[in-house]
Amino acid sequence: MKHFNSKELWLKQLSNTINNPHDLLTLLKLDNNIKLINNIKTKVSFSFRVPKIFVERMKLNDPNDPLLMQVLLNIKESRNFNKLTKKISLESNLVKFNLIHKYNNRVLILLNNSCAIHCRYCFRRDYLKDISNIKDNMDYIINYILQNKEINEIILSGGDPLMMRDKNIKVLISMLEKISHILILRIHTRLPIIIPSRITDDLCNILINSRFKIILVTHTNHANEINSSVIDSMNKLSKANVILLNQSVLLRNINNNANTLANLSIKLIQAGIIPYYIHLLDKINSNIHFLVTKTQANKIMKDLSNKVSGYLLPKLMYD
Ligand code: SF4
């Protein structure tokens with residue numbers, strides 16, 4: 001049996017994953033719900049994947065658990081997938097050699113196509129597999145940024161950028177640090193919320209020793225995702241001078257009410273994370289059962305503004 005030291009704990013937890021909805025429902029004592037997901041599996045293109053360490057935060061015997069509902073297959077997903085013509089999301093048309101340059105001052109690099117968890121609402125799910133290997137395009141990316149001196153910020157996204165090993169992150173940051181007009185490095189990641197041990201001492205050392213101002217934007221949708229291990233990991237990042245922000249997606253039957261979002265904001269700030277953005281769902285064929293309309297979202301945000309202080313009120317975003 002392979003032995004993992006503390007540096008590699010996250011890798012062990014990453015591989016300890018449930019890849020089958022039947023197993024998840026059995027584990028959560030929801031065997032009666034298994035018949036609801038039969039016949040779905042073969043009709044959807046995005047595989048099932050949930051690390052056990054995240055499942056531990058789900059409630060037993062609760063088919064409406066907000067963490068479970070983010071990852072469980074839904075019959076509506078396969079119906080929509082079959083009924084509608086497959087439409088690639090708007091963002092995928094902007095990707096060139098793993099790079100998206102939409103705003104003057106910043107570029108987004110899609111580092112990889114893998115994630116610790118497969119969120120059923122994900123708008124990138126249909127084209128994640130098409131994201132190229134970053135190694136093939138690194139020269140293009142560096143040259144592109146060198147030639148565009150108005151860029152002062154690089155955003156690392158994916159997939160999930162923290163799926164990269166620490167030693168590779170170190171090499172990547174060193175390469176980017178050679179571009180003198182880059183001042184800020186932003187990392188968009190869901191991994192430390194799902195697997196808090198991903199915030200290793202080595203990673204913190206890399207970040208604290210970088211010349212960049214580092215901003216880490218977590219992706220959290222519900223207060224139940226934040227446990228004491230998440231808080232400990234976020235404290236490590238704060239001590240490494242990393243600024244912590246969060247973005248959420250507004251999801252029907254999961255977090256689409258002001259009380260749930262107020263609880264999330266409070267939990268985030270307890271972890272030292274500022275609620276930054278809440279996104280309306282980026283619609284693709286297979287996720288529209290999660291949709292909250294713009295009118296509903298505006299009402300929720302108005303109610304939320306009466307429940308939390310201004311600094312805990314995320315900005316509602318829609319493309
Ligand atoms: S972690 Fe992010 S990119 Fe990966 S499936 Fe979830 S929402 Fe999509």
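Q: Into which domains is the protein chain divided?
A: The structure is a predicted model. Its protein chain is divided into two stretches, namely domain 1 (6-83) and domain 2 (90-317).

Q: How many residues of domain 1 are in contact with domain 2?
A: The C-alpha centres of domain 1 and domain 2 lie 22 Å apart. Across the boundary, 26 residues of domain 2 meet residues of domain 1, whose number is 27.

Q: Which elements give two or more residues to the side of domain 1 that touches domain 2?
A: The residues of this side divide into 16 nonpolar, 6 polar and 5 charged. The elements that give two or more of them are helix H1 (9-15), strand E2 (50-51), helix H4 (52-55), helix H5 (68-71) and helix H6 (75-83).

Q: Is Ile-142 buried, partly exposed or exposed?
A: Ile-142 is placed in helix H7 (residues 134-147). A buried residue has 20 or more other C-beta atoms within 10 Å of its own, and an exposed one has 12 or fewer. Because Ile-142 has 14 C-beta neighbours inside 10 Å, it counts as partly exposed.

Q: What separates the C-alpha atoms of Ile-142 and Val-217?
A: Along the chain, Ile-142 and Val-217 are 75 residues apart.

Note on methods. Residues numbered from 1 in each chain as written. Predicted model: local features only at pLDDT ≥ 70, side-chain atom pairs only at ≥ 80, totals over all residues. Helix = DSSP H or I, 4+ residues; strand = E, 2+ residues; numbered from the N terminus. Domains from an automatic or database assignment. Contact = placed C-beta atoms within 7 Å. Nonpolar A, V, L, I, M, F, W, Y, C, P; charged D, E, K, R; others polar.
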